Amino acid sequence: MTVQVEAMPYRHVLDVPAMGAAVRIARETTELVLVECGVGLRHPSVGPALLIVAELVTNAVRHAAVTSPMITVTYAHGPGGFAFAVHDRHPYHPALFGALATAPGSGLAMVVEMTMELGGTAVVRADTDGRGKAIWITLPL
């Protein structure tokens, strides 16, 4: 089952400075958003979702902080699905599915693998000016 982010009416946006505390804040906010959306924290997709958010925010802090002092996490929720994106203003756009072949065991490869195992999708969406991107993860619930 594929759930389109555009069809998900619920939205929440978190802006955090690109520093180590951003990972904890994003993870805690993700838990709060899930509960607010009526998703119990024992749902089998919650643990992986928290790990994926933490990994994507960690990557943004490690690799994009110099050019992107702020990181934005956007959440969407609708019937049957939960989506989130981690956005930064670094111009590098990773090849998500190339990560599985070139860097197995890396954080990004783990993100893609976990997303696929849950039946979700992962995409990189470039900013219109090409100077940033958002990595969107969609998970069925």
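**Close-up 1. Valine 73 as a buried residue of strand E2 in the predicted model.** In this predicted model, valine 73 counts as buried because its relative accessibility is 0%, and the residue belongs to strand E2. Setting aside residues up to four places away in sequence, valine 73 touches His12, Val13 and Leu14, together with Ala26, Val57, Ala85 and Val86. For the protein as a whole, contacts between residues at least 6 apart in sequence join residues at least 24 apart in 67% of cases.

**Close-up 2. Valine 57 and the largest nonpolar core.** When neighbours within four places in sequence are left aside, valine 57 is in contact with Ala22, Val23 and Ala26, and also with Ile71, Val73 and Val86. Valine 57 is among the residues with the most contacts inside the largest nonpolar core, a group that also holds Leu56, Ile71, Phe84 and Ile137, and the core itself has 33 residues. Two or more residues of this core are given by each of strand E1 (10–17), H1, H2, strand E2 (70–78), strand E3 (81–88), helix H4 (107–117) and strand E5 (133–140). The largest share, nine residues, comes from H2.

**Close-up 3. The packing of helix H1 against helix H2.** Helix H1 (residues 21–36) and helix H2 (residues 46–64) have axes that come within 9 Å and cross at roughly 150°. Angles over 145 degrees count as roughly antiparallel, and H1 and H2 are therefore roughly antiparallel to each other. The crossing in which H1 passes H2 is right-handed. On the H1 side the contact is made by Ala22, Val23, Ala26, Arg27, Thr30, Glu31 and Leu34, while H2 brings Val46, Leu50, Leu51, Val53, Ala54, Val57, Thr58 and Val61. Sorted by class, the residues of this contact are 11 nonpolar, two polar and two charged.

Close-up 4. Threonine 30 is placed in helix H1 and counts as buried because its relative accessibility is 0%. Apart from neighbours within four places in sequence, threonine 30 is in contact with Leu50, Val53, Tyr75 and Phe82. Threonine 29 also has its place in helix H1, and at 13% relative accessibility threonine 29 counts as buried, because the cut-off is under 20%. The partners that threonine 29 touches, not counting residues up to four places away in sequence, are His12, Leu14 and Tyr75. Of these, leucine 14 is 15 residues from threonine 29 in sequence and 7.9 Å from it in space, C-alpha to C-alpha.

**Close-up 5. The packing of helix H2 against helix H4.** The axes of H2 and H4 are 10 Å apart, and the two helices pack at an angle of about 150°. H2 and H4 are therefore roughly antiparallel to each other, and H2 passes H4 in a left-handed crossing. In this contact Pro48, Leu51, Ile52, Glu55, Leu56 and Asn59 of H2 meet Gly107, Leu108, Met110, Val111, Met114 and Thr115 of H4. By class, the residues of the contact divide into eight nonpolar, three polar and one charged.

**Close-up 6. Helix H4 and the residue that follows it, within the overall fold.** The buried residues of H4 are Gly107, Leu108, Ala109, Val111, Val112, Met114 and Thr115. Just after H4, glycine 119 takes a positive phi of about 80°. For orientation, the protein has four helices and five strands, whose order from the N terminus on is β-α-α-β-β-α-α-β-β. Of the 141 residues of the protein, 48% count as buried.

Conventions: Residues numbered from 1 in each chain as written. Predicted model: local features only at pLDDT ≥ 70, side-chain atom pairs only at ≥ 80, totals over all residues. Heavy atoms only, no water. Axes fitted to C-alpha atoms, helices over the stretch in contact; angles between N-to-C directions. Parallel < 35°, antiparallel > 145°, perpendicular 65-115°, else oblique. Left-handed = near helix turned anticlockwise from the far one by under 90°. Contact = heavy atoms within 4.5 Å. Nonpolar A, V, L, I, M, F, W, Y, C, P; charged D, E, K, R; others polar. Core = buried A, V, L, I, M, F, W, Y, C linked by side-chain atoms within 4.5 Å. Buried < 20%, exposed > 50% of the residue type's maximum accessible area, 1.4 Å probe, protein only.
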